[in-house]
Amino acid sequence: MSTPLTARIVAQHASTVRALAPHLPGAARRSAAMEALAVTGLPGSRDENWKYANLRPLERASFTPAALTPPAAGADAALAAALPQRLEGFARYVFVDGVFAPALSDTPAAGPARLTTLAARADERAAPPTALVPRRELGADQRFALLNEAFATDGAAIDVGAGDEAARLELIFLASAEGQLGASYPRVELLLAPRGRLVLVERHVSSGAAASFVTSAVSAELGRGAALDHYRLQELSSRAILFDTLTATLAQEASYRLHALCSGAAAARSTLGVRLAGERASLALAAAALGDRQQVQDTYALVEHLAPHARTEETFRGISAGRARVAFNGKIVVAREAHGTDSRQSLRGLLAGPEAEIDVRPQLEIYTDDVRCSHGATAGKLDDNMLFYLLSRGLERDTAQRALKWAFLEDVIAKIGVAPLRRQIEERLAGRMQDGAALRELI
């Protein structure tokens, strides 16, 4: 699809390849991704699944990796100050503008989970097919993964072997560059062997108030009986722009628990594609999004049931205040062979301002009769009866409203199984709701 934007991306990719060719492997992979992207182009506002996303910043963004610009002297100290509090028991690895930062990270240790950086690889390992050729169902929604494939200069490759205890890793992707000067391309490739166990915390944060342009891609392959607990926190600065793509494939009896909290960035779009390819595979997706002022928080989640007796439980809670827009489009496809499927969706949005917008859209495509599938979607304002009850107990109106918002999000927050992380999230949300002391008393 030849457009001025596509032509600019192709030109910047060519200059990037010339700069990186002597140092970085993966030329064939990058070339294939760029060729596919040049044909398809990036999605536009006329694409059905992108009508709620804010794509205007693409016209001003630079697609050249920010990693090509050397960091300023003394940058490590400033970057270290921007990192969130450590999680006890987790090995921490930090990537700045998509590039591994050894000075801010733990030393990779031996164990069931082996982490290597993509830049350190000397092989030309082929990318997963879904990273190069968008599947029919995802279509335009996976094109930003192609952008990441073509431009990413580094990332984390995590291989997890079988084990009785779960490995515990924390990946922090720190965005520091201005989007008009260079882009950040966080990248994660996860491979869990049969019976592999992993608890992964993935955080996207900013250093300062830079208007960063971030295009993130995560791919996960779960072997038979593998279990992945994946916590994704998007806490970028209020001027940042994020386009995020996650794809996962689950083998027989694999279990994937995905927890996502989106509260940062001026505009953020997450595309999730999960394939339950093995019998009795299971997915538990719990997501929350908060929008304020003029923020845009948009998520599209596609779950494909391809094998018998798989299970999906999908929970979304979104709060939109100010003039923000929060959207969640959850689509579940049950293939003809996927008899015995058990699928549940609960999508709820809360309007916290007269100019705010909430869009929740559950979708089901079922091609077999032997299933149990249910979905529910609601969007509305705070419960007046509950508000009156709290006011009658002596709470101020603002505090009562924030308490109801907190209770609304608890369906997602309560599912977080890492206690220190849950406390950090609760403190951040309490501060965001501007009445931290009162809310902490309530919780």
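**A first look**

Let's begin in a loop: Asp 97 sits between strand β1 (91-96) and strand β2. The model you see is predicted. In total, the protein has 9 helices and 20 strands, and 56% of its 443 residues count as buried.

- Most residues other than glycine have a negative phi.
- Asp 97 is not a glycine, yet its phi is positive, at about 50 degrees.
- Asp 97 has a relative accessibility of 10%, so it counts as buried, the cut-off for buried being under 20%.
- Arg 195 is found in another loop, the one that lies between β7 (187-192) and β8 (197-206).
- Arg 195 also has a positive phi, near 70 degrees, and it is a residue other than glycine.
- With a relative accessible area of 45%, Arg 195 is partly exposed.

**The open sheet**

- Strands of a sheet pair through backbone hydrogen bonds, either parallel or antiparallel.
- Here, 10 strands make up an open sheet with mixed pairing.
- Reading across the sheet, the order is β2-β1-β5-β8-β10-β12-β14-β16-β18-β20.
- At the edges are β2 (99-100) and β20, each of which pairs on one side only.
- Strand β18 (residues 341-351) is paired with β20 in the parallel sense, over 10 bridges.
- As one place to look in this region, Gln 345 has His 375 of β20 as its bridge partner.

- Ala 379 belongs to strand β20, which covers residues 371-380.
- Is Ala 379 buried or partly exposed? Its relative accessibility is 49%, so Ala 379 counts as partly exposed; the cut-off for exposed is over 50%.
- Beyond its neighbours within four places in sequence, Ala 379 is in contact with Gly 349, Ile 358 and Val 360.
- Leu 351 is 28 residues from Ala 379 in sequence, and their C-alpha atoms are 7.2 Å apart in space.

**Helices α2 and α5**

- Two packed helices are described by the angle between their axes and the distance between the axes.
- Helix α2 (residues 27-40) packs with helix α5 (residues 143-151) at an angle of about 145 degrees, and their axes are 8 Å apart.
- The two helices, α2 and α5, cross in a left-handed way.
- On the α2 side, the contact is made by Arg 29, Arg 30, Ala 33, Met 34, Ala 36, Leu 37 and Thr 40.
- On the α5 side, the contact is made by Arg 143, Leu 146, Leu 147, Glu 149, Ala 150 and Phe 151.
- By type, the residues of this contact of α2 with α5 are 8 nonpolar, 1 polar and 4 charged.
- Why is α5 described as largely enclosed by the rest of the structure? The reason is that 9 of the 9 residues of α5 are buried.
- Among the buried residues of α5 are Phe 144, Ala 145 and Asn 148.

**The protein as a whole**

- Of the contacts in the protein with a separation of 6 or more, 84% are between residues 24 or more positions apart.
- The accessible surface of the protein is about 18600 Å², and 51% of that surface belongs to carbon and sulfur atoms.

Technical notes:
Residues are numbered from 1 along each chain as its sequence is written. This is a predicted model: local features need pLDDT of at least 70, side-chain atom pairs count only at pLDDT 80 or more; totals for chains, interfaces and linings use all residues. Side-chain values use heavy atoms; hydrogens and water are left out. Helices (H or I, at least four residues) and strands (E, at least two) are DSSP runs, numbered from the N terminus. Buried means under 20% relative accessible area, exposed over 50%, partly exposed in between (1.4 Å probe, protein chains only). Contact means heavy atoms within 4.5 Å. Axes are lines fitted to C-alpha atoms, for helices over the stretch in contact, and angles run from 0 to 180 degrees between N-to-C directions. A crossing is left-handed if the near helix is turned anticlockwise from the far one by less than a right angle, and right-handed if clockwise. Ala, Val, Leu, Ile, Met, Phe, Trp, Tyr, Cys and Pro count as nonpolar, Asp, Glu, Lys and Arg as charged, and the others, Gly among them, as polar. Two strands pair if DSSP finds at least two bridges between them. Accessible areas come from the Shrake-Rupley method with a 1.4 Å probe; for residues, only the protein chains shown count as cover.
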